[in-house]
Amino acid sequence: MAVKPRTTLIRLDLRGVKCPLNWAHAKVRLEQMERGETLELGLDDPRGARDIPGAAEAEGYAIVESRADGPLFHLKIEK
């Protein structure tokens, strides 16, 4: 049985950054990453939490998690 390589997880805290700047920051970071790595975003802007998944998928990235934790939103995007 083959063992799946461990995925690198990179965290980016975007609390206080409003849409569309939060997506701009995330996109710059994604462009610096290697294929297969995952970017975890922490944000407090509901508009960004709603809009970033669609923008990421339009760019060819995969949303692997999207959840709300009280006033915070967590998104995981795989390159």
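Two strands pair if DSSP finds at least two bridges between them. Strands (E, at least two residues) are DSSP runs, numbered from the N terminus. The model is predicted, so local features need pLDDT of at least 70 and side-chain atom pairs count only at pLDDT 80 or more, while totals for chains, interfaces and linings use all residues. Residues are numbered from 1 along each chain as its sequence is written, and side-chain values use heavy atoms, with hydrogens and water left out.

**Strand pairing**

Strand E4 (residues 72-78) runs antiparallel to strand E2 (residues 38-43), and 6 bridges join them. In this pairing, Leu39 stands opposite Ile77 in E4. E4 also runs antiparallel to strand E3 (residues 62-69), to which 7 bridges join it. Here Arg67 stands opposite His74. The hairpin of E3 and E4 has 2 residues between the strands, and Gly70 takes a positive phi near 65° in it.

Thr38 lies in strand E2. Thr38 has a relative accessible area of 7% and is therefore buried (under 20%; exposed is over 50%, partly exposed in between, with a 1.4 Å probe and protein chains only). Leaving aside neighbours within four places in sequence, the contacts of Thr38 include Leu9, Met33, Val64 and Ile77 (contact means heavy atoms within 4.5 Å).

Glu40 also lies in E2 and is buried, at 11% relative accessible area. With neighbours within four places in sequence again left aside, Glu40 is in contact with Leu9, Ile10, Arg11, Leu12, His74, Leu75 and Lys76.

**Salt bridges**

Side chains of opposite charge can pair when their charged atoms come close. A salt bridge is a side-chain nitrogen of Lys or Arg within 4 Å of a carboxyl oxygen of Asp or Glu. A search of the whole structure finds 7 salt bridges, among them those in the table.

| Salt bridge | N to O distance |
|---|---|
| Arg11 and Glu40 | 2.8 Å |
| Arg50 and Asp51 | 2.9 Å |
| Lys76 and Glu65 | 3.5 Å |

Lys76 lies in E4 and Glu65 in E3, so this pair ties together parts that are 11 residues apart in sequence. Salt bridges that share partners join Arg47, Arg50 and Asp51 into one network. Lys76 is partly exposed at 22% relative accessibility, and Glu65 is partly exposed at 24%.

Methods. Helix = DSSP H or I, 4+ residues; strand = E, 2+ residues; numbered from the N terminus.
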